[in-house]
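Opening the notebook on a new structure today.

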Amino acid sequence: MSRSPSVWGQAELALRLLSVDPTGLGGIWLRSRTGVARDRFIAALGPGLAPRKMVRLHPSVSDDQLFGGLDLAATLNAGTTVKQNGLLAEDNSFLVLTMAERAEVTLAARLSQNLDLGQHSLIALDEGVEDEALHPAIAQRLAFHLDFSGLTHRDIGNLAIRSDQIEAAKGRLVAVRIRADLIKEITLLAIRLGIHDLRAPIFALRAARAHAALEGRKALIEKDVVIATSLVFGPRAFLDPIEPLPPRAEEDCNLDAEATENKEQALKPPEDLLLEAMVATLPENLLDQLKSRAKARKAGTSSGSGERRKGNRRGRPKPSMRGQLGGANRLDLVATLRAAAPWQAIRRSAKYALDRKVHIRSTDIRLKKFEDRSDRLLIFVVDASGSAALARLAEAKGAVELLLAEAYARRDHVALIAFRGESADILLPPTRSLVQTKRRLAGLPGGGGTPLAAGLEAAMELAQLNRTKGLTPTIALLTDGRANIALNGDCSRIEAASDATAMARRIRDHQTPAIVIDTGMRQQTSLQNLAQDLDAVYLPLPRADAHKVSQAIETTLG
Amino acid sequence: MTQAFPFSAIVGQEEMKRAMVLTAVDPTIGGVLVFGDRGTGKSTAVRALAALLPPIRVVSGCAYNSDDPRACPDPDSVTDTEIVERPTPVVDLPLGVTEDRVVGALDIERALTQGEKRFEPGLLARAHRGYLYIDEVNLLEDHIVDLLLDVAVSGENVVEREGLSIRHPAKFVLVGSGNPEEGELRPQLLDRFGLSVEVLSPSDIDSRIEVIRRRDQYETDQKRFLKRWSKEDAKLRNEILAARARLGKVKAESFILEECARLCIALGSDGLRGELTLLRAARALAAFESKLSVEREHLKTIAASALRHRLRRDPLDDAGSTVRVQRVVDEVLV
């Protein structure tokens with residue numbers, strides 16, 4: 001803790017503040033792989049948050065386990081009702097969610113509901129890499145977001161939480177006075193950092209209050225605010241995934257002093273002192289992260305929250321059916337028991353199997369049935385190279401937008417890949433959110449070479465990946481076909497063309513339906529050949545009539 | 001158990017608050033859909049509404065919230081026929097809920113232990129005469145949403161399963177909230193909600209500050225804060241009750257009906273639900289404003305909430321349906 005407060009120092013502080021105000025601050029989201037740092041932090045949780053008891057949750061925890069209910073196994077064994085207590089039933093506990101990145105939206109919804117009631121606090125241990133992360137519904141309800149990646153052995157100290165201090169601070173918490181202008185400054189700061197969620201400033205205020213209480217003050221001072229806001233706002237400044245894309249691509253790579261200054265001028269804040277103070281306390285690498293994330297976002301790898309959801313894809317459960325077990329049939333245990341239940345009294349009086357608690361006959365067997373309908377995924381591969389940009393990128397965009405509208409009406413998933421310069425980027429992973437798709441599309445700049453093969457490769461990989469998830473991919477390629485960048489990044493027309501052909505054949509081998517839309521000024525024979533290699537429909541983009549494209553695609557793809 | 005944040009203490013979000021109050025005045029308007037950013041007080045408003053509403057009188061031993069022991073759909077299950085006052089139920093419907101939990105199912109516990117075939121009422125029974133709140137309604141499995149909307153419209157839950165045959169009244173106001181960034185609601189379902197509102201984070205700094213200040217006061221000194229706002233809440237409650245009483249007397253002249261129809265035709269909304277809801281909502285608004293007839297102003301005020309989700313969707317129109325409705329309202333209701 002020599003220069004700026006280290007990550008470890010922040011972690012320690014976050015834990016102490018949370019101990020003072022466990023329910024008000026919601027909890028901590030800790031992104032970290034397993035390791036010494038994480039272990040030591042977890043070990044400190046118990047004593048830190050005492051007298052609350054730790055309750056461990058895992059992402060696949062069932063409703064019965066969470067809320068309590070009938071213990072089916074025990075009930076069957078005992079022949080009388082055996083209830084089990086839910087994990088959330090106990091009031092004085094704090095929850096630790098392991099492998100938090102795997103928590104499905106359903107669990108996220110339940111936990112957020114619980115956090116809203118203000119009875120528990122939650123420590124989400126997130127081991128996710130890259131795109132995997134805790135569901136935002138939970139993340140936004142936790143005051144502190146910590147990231148232990150890059151933390152080395154040397155940075156880790158002892159975590160000692162003195163319970164007498166905490167207890168004393170708890171007593172002082174409510175009485176801490178807050179000047180109106182400090183509330184204002186916290187709010188302004190949030191706006192300036194681009195944090196729109198009002199929970200963040202509320203958390204910052206509570207954290208500041210807890211900090212003042214911890215230091216034994218009766219009133220909030222600037223120092224508390226600075227410390228609290230750097231803890232709460234720091235990670236959130238780049239967390240917000242719904243932040244609209246900046247209009248021009250150049251702008252978001254330099255999120256440093258200059259850009260911040262511009263923003264500040266626009267907002268005309270009354271004082272910048274607080275912001276400066278806060279930025280000064282941010283760990284150094286945070287700004288680097290900010291930059292790298294900004295770049296990543298520009299490259300379009302940022303995940304839409306829709307991507308991992310399986311909710312609508314599981315197939316609609318149909319009523320269970322009477323039938324025989326075996327083969328691929330799955331037993332619907334509950335339905336079976338239900339079918340058997342009314343007969344128990346009669347069957348019990350039967351002459352045989354008197355020792356049985358539950359009498360199930362083969363006629364009771366019920367099987368699970370699902371209506372499995374795989375969804376269609378439309379992958380747009382858009383050429384954003386210099387030549388295309390000159391030609392008809394805007395028209396291509398118009399065509400994609402119309403197709404999107406069709407896709408929306410049919411509840412298809414869409415994904416967007418753009419290729420330009422030397423590589424292809426997945427601008428949008430499969431999603432149903434039109435708003436996002438449209439934003440990404442609008443923010444798509446043109447220019448650079450035409451790495452057609454790379455675009456096709458990205459499309460193929462995405463198609464394969466999503467096929468395993470139960471989606472049916474279709475590729476729509478919009479290009480003017482003058483491939484000039486090969487797969488290895490070399491600028492050679494011949495190699496680029498042969499790479500594109502090879503890639504097209506591989507896509508055909510996977511039997512992914514495709515359509516090629518020629519956005520060039522005039523029709524290209526090379527593209528017609530490519531369409532043949534792809535076993536795809538070739539369609540020259542009709543002049544200034546995007547509607548025709550959409551109709552054509554509709555009829556070709558059915 | 002902490003008490004809910006007072007409804008009247010919610011800063012701004014006038015449209016959302018108005019929509020919710022109107023469904024309290026006239027539950028037949030048929031539900032509210034709240035779409036907007038995270039952290040804009042969607043859930044806070046719904047939970048606050050429950051505390052605001054007058055208590056209902058129910059048979060204490062009846063799981064179906066009946067107001068009369070004779071009306072209980074499952075008379076054998078009534079353990080206690082005393083009439084008690086209970087707060088208006090607001091039932092949270094979590095994502096991933098099973099159909100069994102929603103409509104009710106065979107009581108397995110009884111069936112297993114006593115071999116008795118008995119219906120265990122689900123969330124729909126609990127929400128009768130109150131509110132059913134679904135956060136992230138756009139992420140709910142489609143078939144559950146279908147089911148909910150069907151019951152919400154018919155006001156009756158019919159269960160035919162596992163040899164059980166039961167029907168019980170389930171009249172509730174459906175409140176759904178969600179973030180359109182995470183996936184859209186099917187257009188067919190949108191239309192079934194009576195009103196829809198769009199909420200945004202307050203853009204002016206003063207109201208943002210006010211939000212945080214009030215939240216802080218509420219969290220640190222709840223008793224005092226609730227006391228301070230209870231008067232406002234009581235006033236609003238009385239207004240709602242008065243409006244309910246007045247509702248039957250509010251007249252709608254034929255020119256108002258005509259204008260409703262003209263609005264809906266101009267907007268090209270399908271079916272007649274638009275007109276009906278618009279009229280009902282305008283009437284509720286008139287009653288709430290202590291008027292005895294529906295005025296053109298009422299239509300103007302409520303048109304966006306009642307119609308914006310019924311437009312033929314142009315999903316890529318960023319201008320949003322609010323603007324389109326407003327444009328048509330300005331044209332039609334000169």
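First entry: I looked up where helix 1 of chain A touches helix 9 of chain A, and found Arg16(A), Leu17(A) and Val20(A) meeting Ala207(A), Ala210(A), His211(A), Ala213(A) and Leu214(A). Contact here means C-beta atoms, placed from the backbone, within 7 Å. By class I get six nonpolar, one polar and one charged residues. (Ala, Val, Leu, Ile, Met, Phe, Trp, Tyr, Cys and Pro count as nonpolar, Asp, Glu, Lys and Arg as charged, and the others, Gly among them, as polar.) The two axes come within 9 Å and cross at roughly 90 degrees, so I note the pair as roughly perpendicular. Angles of 65 to 115 degrees get that word, under 35 is roughly parallel, over 145 roughly antiparallel, and the rest oblique. Axes are lines fitted to C-alpha atoms, for helices over the stretch in contact, with angles from 0 to 180 degrees between N-to-C directions.

A note on the source: this is a predicted model, where local features need pLDDT of at least 70 and side-chain atom pairs count only at pLDDT 80 or more, while totals for chains, interfaces and linings use all residues. Residues are numbered from 1 along each chain as its sequence is written, and chains are lettered from A and ligands numbered from 1 in the order in which they are written.

Next I checked helix 7 (residues 163-173) of chain A against helix 9 (residues 199-214) of chain A: their axes come within 8 Å and cross at roughly 120 degrees. That pair is therefore oblique. Helix 7 of chain A brings Gln165(A), Ala169(A), Arg172(A) and Leu173(A), and helix 9 of chain A brings Arg209(A), Ala210(A), Ala213(A) and Leu214(A).

Then chain B. I counted 14 of the 16 residues of helix 11 as buried, so the rest of the structure largely encloses this helix. (Buried is 20 or more other C-beta atoms within 10 Å of a residue's own, exposed is 12 or fewer, partly exposed is in between; C-beta atoms are placed from the backbone.) Just after helix 11 of chain B, Ser290(B) takes a positive phi of about 60 degrees.

Asp535(A) has about 60 degrees though it is not a glycine, and counts as partly exposed with 15 C-beta neighbours inside 10 Å. Glu136(B), also not a glycine, has about 55 degrees. Is Glu136(B) buried or exposed? I find Glu136(B) buried, with 22 other C-beta atoms within 10 Å.

Note on methods. Helix = DSSP H or I, 4+ residues; strand = E, 2+ residues; numbered from the N terminus. Contact = placed C-beta atoms within 7 Å.
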